[in-house]
Protein chains: 2
Amino acid sequence: MARTKKYNAFYAQSGGVTAVINASACGVIEAAREHKDKIGKVYAGRNGIIGALTEDLIDTSKDNKKAIAALKHTPSGAFGSCRYKLKSLEENRAEYERLIEVFKAHNIRYFFYNGGGDSADTCLKVSQLSEQMGYPIQAIHIPKTVDNDLPFTDNCPGFGSVAKYIAVSIREAGFDVASMAKTSTKVFVMEVMGRHAGWIAAAGGLAAEEEGDSPHIILFPEIAFNQEKFLKRVDRCVKKFGYCAIVVSEGAAYKDGTFLADAGSVDAFGHKQLGGVAPVVAQMVKEKLGYKYHWAVADYLQRAARHIASATDVDQAYAVGRAAVEYALAGKNSVMVTIDRKKTKRYGWTIGEAPLDKVANVEKMMPRNFITKDGFHITDACREYLKPLIAGESYPPYKDGLPQYVRLKNVAVEKKLKKKFKV
Amino acid sequence: MARTKKYNAFYAQSGGVTAVINASACGVIEAAREHKDKIGKVYAGRNGIIGALTEDLIDTSKDNKKAIAALKHTPSGAFGSCRYKLKSLEENRAEYERLIEVFKAHNIRYFFYNGGGDSADTCLKVSQLSEQMGYPIQAIHIPKTVDNDLPFTDNCPGFGSVAKYIAVSIREAGFDVASMAKTSTKVFVMEVMGRHAGWIAAAGGLAAEEEGDSPHIILFPEIAFNQEKFLKRVDRCVKKFGYCAIVVSEGAAYKDGTFLADAGSVDAFGHKQLGGVAPVVAQMVKEKLGYKYHWAVADYLQRAARHIASATDVDQAYAVGRAAVEYALAGKNSVMVTIDRKKTKRYGWTIGEAPLDKVANVEKMMPRNFITKDGFHITDACREYLKPLIAGESYPPYKDGLPQYVRLKNVAVEKKLKKKFKV
């Protein structure tokens, strides 16, 4: 009887990390360990794809079951991630060839790439080149992005937890401002991520369930900012409800495409200051309406907030990791794992797949009918879509009042190639 | 047999609200309801002391047991708070006389004032004037301040929850930055509250348990900022650990007292921009060291974050509310309820009291031995003091992924005085 051949797997994290990308890593490693007859070791790229290019691989087998399980409740990228976009095959074929070389040297035939749109593209190119070079690699893309902008999948792992953080935070801040408004702060501005798509800003809208609830205004990147209209709305809101809570996307822009953040301030030396649309909006309110304001910029706190992760998000992140391994073992190649929403009344989801050549470099924007006609809030259709994604709490374990996140050993695999590769 | 006389109680929230000030309100109201033979109704001031001055009282008896119990898990000030400092008796005796008048009209003889240093002062004056005017009021101060700067009490309700939020957030953000540092963000700056005292900034230090842990640097208002020393430390940190996470207090200042935030930026019109020490520090790092940075300003999110409140803080906030009622019934007057730390090895606390005339207008600063010699972190003594204050999780109930906070009916009490009072 012929023995099934055993190959190693490569796993890497790409782009901005999330509260649940490690749950996907956990899914990949746990599923692979259940198939020791077919998958040898899971090697992780140290700092993402750079680890593959420089042959800096991590032997995940050096971390025990308990440590790997703890990835499920640990935010950030346990093996390091990177912002490194491989050039096109034409521009830098050497990079792709190097990947194949490294994989060959370490008997790697499964390529699991955990990231957003750019990494879907890389994943596709790897699978194409492996064919051309006659070294078979099965490339499976595991979706991850807080931006929720990947096509085909109903939603992206990582998004649900940011969405929950934003909705919870603007509800809490809204309660705070409401109680202070009589004599103090009347306008509160909270800046959220999402440079191109307003999904995260939209999630803030979930906090507003009844008229007058926070947030009262959402500024989307999809809707051209009109200062006059905006200020009128703020003023009306303060007069009606006593205060006004605003969620603004970092990507909010004027009609001509200029980001509000860029129209902002210069430092003492006259240099343009980076970032911060919230202070720009707050200053605008103060100057034109005279209301006392406060503003917050959650920045990384929002995407790292594993302490308030969505249980749905954690489950899905874990599931897409596991599914990637199962797909690979089933012989699939050049696909992205997707989350498919069931067409039932009560929310349900299953795992599906989409061909990578259709996924790569396509951004899924907010449908216009998810934003109210006036451009300042979300519609019921949007609410229905978003609601289940933040459902459920999945608390990490605590000790002495602090969440216990795991740090893996990240033991390096011995190098086999003589040639160094500079990235 | 003589019937015990029944009097009403007045309760008001003062100054910036917290994640647990409503737990104190819950303690007051629940304890009062257990003594219906002695306490008639608890009237809350709408928007704090302003409600008393304008005779805008809320009848808390109109909210049922369940609603009052829900205050324990609801952040913000349920009856509205205010920033309104009564002038001195000499400057505006009329205000104090008005308070007594309103109390007289509504048969109020218990005055529970829930706030920080300023309100302790108001509370004291009320008790002094009631004596002079021959209308007996028992004034009990219930401590509340995220700043943790009240004397006599070991710590202040409200602080423990902010402390926990900050420690959790900088731990999570630290994990995030660590995974991105290879190709992207190397320095992360998080701004926290505390204009005069560095207690909140210090709490961030709890997240760092081992060498290299986030945060690496804390900038306290107590330590004069030295740019050269600071940048050297940042650089060393990035070189050693790959990244640097910084907690900066909004009150961080130069030797001459100038706030770092004020040395900041001007807007497009040349106006000085308000707020934001984090972007100032981040910009400094970028300019002098060239590292890619991110920054966050938690602002109200930190003090409203009931979702990650400290269980110890919630328990203590509730207990000081209950104790205020018990003290009043025991005949006490002109005292602040305190939290006393037991001298046991394992953390324990009891409720105590301090005379208001000793409390009013005294700020408790961080002891110098709580800050490391180099001025950039907390000492073990500080850690020992802070640790138990963030212990335990006290999660609010959730529905559809969102915390369920209560909104009371806040039914107004019929006015009895003809004279209006303008504040």
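## Model and conventions

Contact means heavy atoms within 4.5 Å of each other. This is a predicted model, in which local features need pLDDT of at least 70 and side-chain atom pairs count only at pLDDT 80 or more, while totals for chains, interfaces and linings use all residues. Residues are numbered from 1 along each chain as its sequence is written, chains are lettered from A and ligands numbered from 1 in the order in which they are written, and side-chain values use heavy atoms, with hydrogens and water left out.

## Relation of the two chains

Of the interface residues of chain B, 100% are also interface residues in chain A, so the copies meet through the same surface.

## Helix α5 of chain A

Helices (H or I, at least four residues) and strands (E, at least two) are DSSP runs, numbered from the N terminus. Helix α5 of chain A covers residues 117-132. At 1.5 Å a residue, its 16 residues should span 22 Å, and its end C-alpha atoms are 23 Å apart, which agrees; the expected span is 1.5 Å times one less than the number of residues.

Buried means under 20% relative accessible area, exposed over 50%, and partly exposed in between (1.4 Å probe, protein chains only). Among the buried residues of α5(A) are A120(A), C123(A), L124(A), V126(A) and L129(A). The buried residues of this helix pack against α4 (93-105), β4 (108-115), β5 (138-143) and α12 (356-359) of chain A. Just after α5(A), G134(A) takes a positive phi of about 70°.

## Two helix pairs

Two packed helices are described by the angle between their axes and the distance between the axes. Axes are lines fitted to C-alpha atoms, for helices over the stretch in contact, and angles run from 0 to 180 degrees between N-to-C directions. α4(A) and α5(A) pack at about 70°, with axes 10 Å apart. α4(A) is therefore roughly perpendicular to α5(A) (under 35 degrees is roughly parallel, over 145 roughly antiparallel, 65 to 115 roughly perpendicular and the rest oblique). The residues of this contact divide into six nonpolar, three polar and three charged; Ala, Val, Leu, Ile, Met, Phe, Trp, Tyr, Cys and Pro count as nonpolar, Asp, Glu, Lys and Arg as charged, and the others, Gly among them, as polar.

In chain B, helix α8 (residues 227-241) and helix α9 (residues 277-289) pack at about 75°, with axes 11 Å apart. This arrangement makes α8(B) roughly perpendicular to α9(B). Residues of α8(B) including F230(B), L231(B) and V234(B) meet residues of α9(B) including V281(B), M284(B) and V285(B).

## Loops and backbone angles

A197(B) lies in the loop between β6 (187-192) and α7 (199-204) of chain B, and is buried at a relative accessible area of 6%. A197(B) and E222(B) are 25 residues apart in sequence, yet 6.8 Å apart in space, C-alpha to C-alpha.

A cis peptide bond joins S214(A) and P215(A), with omega about -5°. N148(B), a residue other than glycine, has a positive phi near 60°. N148(B) lies in the loop between β5 (138-143) and α6 (159-180) of chain B and counts as buried, at 0% relative accessibility.
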